[in-house]
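Hello,

Here is the structure I promised to pass on to you. Please open it beside this message and have a look around before reading further.

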Amino acid sequence: MATYDASFLGSASPFVQEVIATLESNHVPVHYKMDHVCYRTSAPSEYSDLKALLSTLGDLLIESEIGGRDISTYKLRDDLAIRVPGREGGGDRVIDVLELPAPKPGRNYQSGWEHVELVVDDMSLEEFMAEGCEISL
């Protein structure tokens, strides 16, 4: 059984940097607000253990059943927010929301960072797609 502490958040910044680099190399704009980062769990016990930890590191915003499994979303304390160094003199990007999905029953998942959600709120979906932003990573 794994033991978790706040240090697991440290691996989020390199993951987000890799996502940004991949998007940029595919000519996808990345100036949008980063809403949250998702950490996928591989077992119900891991989900429970991380929920217990995250409840000490921030506030539970919501836990809902979606697609046959629970998903919890936490707002991290300011001192634990995930900071990604800015590029070309830009300020750091800060992600203070972490999404934690339980594994779907009967499905096998590897634990780890899964995705970053960007909020595109300054244009329509059609405008975004017209920019050539329809890649799947």
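Below are notes on ring pairs, salt bridges and surface charge.

One thing to keep in mind from the start: this is a predicted model.

**Aromatic rings**

Let me begin with the aromatic side chains, where the count comes to 3 aromatic pairs. One of them joins F8 and Y39 edge-to-face, with 5.2 Å from centre to centre and 80° between the planes. The two partners come from distant parts of the chain: F8 sits in the segment before α1 (12–25), Y39 belongs to strand β1 (residues 33–40), and 31 residues separate them.

Planes under 30 degrees apart are what count as stacked. Since F8 lies in the segment before α1 and W113 in strand β7, the pair ties together parts that are 105 residues apart in sequence. W113 is buried, as is F8. If you display F8, Y39 and W113 together, you will see a cluster linked by ring pairs.

**Salt bridges**

Next come the charged pairs. How many salt bridges are there? The count comes to 4, and I will walk you through some of them.

The side chains of E114 and R40 meet in a salt bridge, at 2.6 Å from N to O. R40 has a relative accessibility of 9%, so R40 counts as buried. E114, in contrast, counts as partly exposed because its relative accessibility is 36%.

Another salt bridge is formed by K51 and E63, whose closest N and O atoms are 3.0 Å apart. K51 lies in helix α2 (residues 44–57) and E63 in strand β2 (residues 58–66), so this bridge ties together parts that are 12 residues apart in sequence. K51 is partly exposed at 24% relative accessibility, and E63 is partly exposed with a relative accessible area of 33%.

K75 and D96 also meet through their side chains in a salt bridge, at 2.7 Å from N to O. Which parts of the chain does this pair tie together? K75 lies in strand β3 (residues 69–76), while D96 is in the loop between β5 (93–95) and β6 (97–101), so the connected parts are 21 residues apart in sequence. K75 has 31% relative accessibility and counts as partly exposed. D96, at 21%, counts as partly exposed as well, because partly exposed begins where buried, under 20%, ends.

**A charged patch on the surface**

Finally, turn to the surface, where D121, D122, E126, E127 and E131 gather in a patch of negative charge. With a relative accessible area of 66%, D121 is exposed, as the cut-off for exposed is over 50%.

Enjoy exploring the model!

Best wishes

How values were computed
Residues are numbered from 1 along each chain as its sequence is written. This is a predicted model: local features need pLDDT of at least 70, side-chain atom pairs count only at pLDDT 80 or more; totals for chains, interfaces and linings use all residues. Side-chain values use heavy atoms; hydrogens and water are left out. Patches are made of residues with over 30% relative accessible area and no salt bridge: like charges are joined within 9 Å, nonpolar side chains (Val, Leu, Ile, Met, Phe, Trp, Tyr) within 5 Å. Accessible areas come from the Shrake-Rupley method with a 1.4 Å probe; for residues, only the protein chains shown count as cover. Lys and Arg count as positive and Asp and Glu as negative; His and the chain ends are not counted. The place of a charge is taken as NZ of Lys, CZ of Arg, CG of Asp or CD of Glu. Buried means under 20% relative accessible area, exposed over 50%, partly exposed in between (1.4 Å probe, protein chains only). Rings of Phe, Tyr and Trp (its six-membered ring) pair if their centres lie within 6.5 Å; planes under 30 degrees apart count as stacked, over 60 as edge-to-face and the rest as tilted. Helices (H or I, at least four residues) and strands (E, at least two) are DSSP runs, numbered from the N terminus.
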